Amino acid sequence: MTEILAIYPGSFDPTTNGHLDLIERGSQLFHRLIVAVLTNLEKNPLFTVAERVEMLREATRAIPNVSVDTFSGLLVDYARQKQAKALLRGIRAFTDYEYELQMALTNRKLSPDVETVFLMPALAYTYVSSRLVREIFQLGGSVTGMVPALVEERLHQKIYQGRT
Ligand code: PNS
């Protein structure tokens, strides 16, 4: 049987426990999973692409069939270059659906050979988003339980960096 490689694309600014949950589920479904960080992100990210990649690598170190990479430009071009058969995305709540449907159908129009596969994260993480994590952090709140411990540590380091 041919190996099925999937790509899990995103901004991952920062990685949440919801992302990790999805990576674990995806790693059990596909032979190989590449977590791909988009490099041409909005102007004011919290973490640099290098920091995000490093955190993702650390957080997924124990999963042998998962690797972390970056991409720019069209996702379908990157998928073609990697010979990926599937794109993995998570759907948390109904509010994600419209955006995800639009992306999946656009990607299908651009590249009919690559299929988008949606997975739901564990119920406990359905409310967690990178955007809210950034907001809570920037307003001085606790993000314990929403992000891996190593991401929380990095967030604390950012506060100290900001003070120097
Ligand atoms: O985690 P995010 O920010 O919701 O991820 C969005 C992402 C990176 C999957 C999406 O913006 C993307 O694929 N961008 C690459 C550009 C592209 O291919 N656009 C056309 C298809 S929608």
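**Reading a helix, a core and a ligand site**

Mentor: Let's start with α1: its 13 residues reach 19 Å from the first C-alpha to the last, close to the 18 Å expected at 1.5 Å a residue. The expected span is 1.5 Å times one less than the number of residues. Helices (H or I, at least four residues) and strands (E, at least two) are DSSP runs, numbered from the N terminus. Before we go on: this is a predicted model, where local features need pLDDT of at least 70 and side-chain atom pairs count only at pLDDT 80 or more, while totals for chains, interfaces and linings use all residues. Residues are numbered from 1 along each chain as its sequence is written, and side-chain values use heavy atoms, with hydrogens and water left out.

Trainee: Which residue caps the N-terminal end of α1?

Mentor: Look for a polar contact, a pair of N or O atoms within 3.5 Å; within protein, one must be able to donate a hydrogen and the other to accept it, and residues adjacent in sequence count only if both atoms are side-chain atoms. Here the cap is Thr16, with a side-chain oxygen 3.2 Å from the backbone nitrogen of Gly18.

Trainee: Which residues of α1 are buried?

Mentor: Buried means under 20% relative accessible area, exposed over 50%, and partly exposed in between (1.4 Å probe, protein chains only). In α1 the buried residues are Asn17, Gly18, His19, Leu20, Asp21, Leu22, Ile23, Gly26 and Ser27.

Trainee: How many residues does the largest nonpolar core have?

Mentor: A nonpolar core is a set of buried Ala, Val, Leu, Ile, Met, Phe, Trp, Tyr and Cys residues joined through side-chain atoms within 4.5 Å. The largest one here has 18 residues, and Tyr8, Ile23, Leu33, Val35, Leu56 and Leu88 have the most contacts inside it. At least two of its residues come from each of β1 (5-10), α1 (17-29), β2 (32-38), α2 (49-59), β3 (66-71) and β4 (86-90).

Trainee: What does Leu88 touch?

Mentor: Contact means heavy atoms within 4.5 Å. Leaving out residues up to four places away in sequence, the partners of Leu88 include Ile7, Tyr8, Phe30, Leu33 and Val117.

Trainee: Is Ala6 buried or exposed?

Mentor: Ala6, in strand β1, is buried, with a relative accessible area of 0%. Beyond four places in sequence, Ala6 touches Phe30, Arg32, Leu33, Ile34 and Ala86. For contrast, take Leu123, in the loop between β5 (115-119) and α5 (130-138): Leu123 is exposed, at 73%.

Trainee: What should I look at in the loop between β1 and α1?

Mentor: Check the backbone angles. A cis peptide bond joins Asp13 and Pro14, with omega about 0 degrees. Phe12, in that loop too, has a positive phi of about 50 degrees although it is not a glycine. Phe12 counts as buried at 2% relative accessibility.

Trainee: Which residues are around the ligand?

Mentor: A residue is near a molecule if one of its heavy atoms lies within 4 Å of it. Among those around this ligand are Pro9, Ser11, Leu38, Phe71, Arg89, Tyr99 and Asn107. Polar side-chain atoms lie 2.4 Å from a ligand oxygen in Ser11, 3.0 Å in Arg89 and 3.2 Å in Tyr99. Taken alone the ligand exposes 540 Å², and the protein buries 74% of that; such areas come from the Shrake-Rupley method with a 1.4 Å probe, and for residues only the protein chains shown count as cover.
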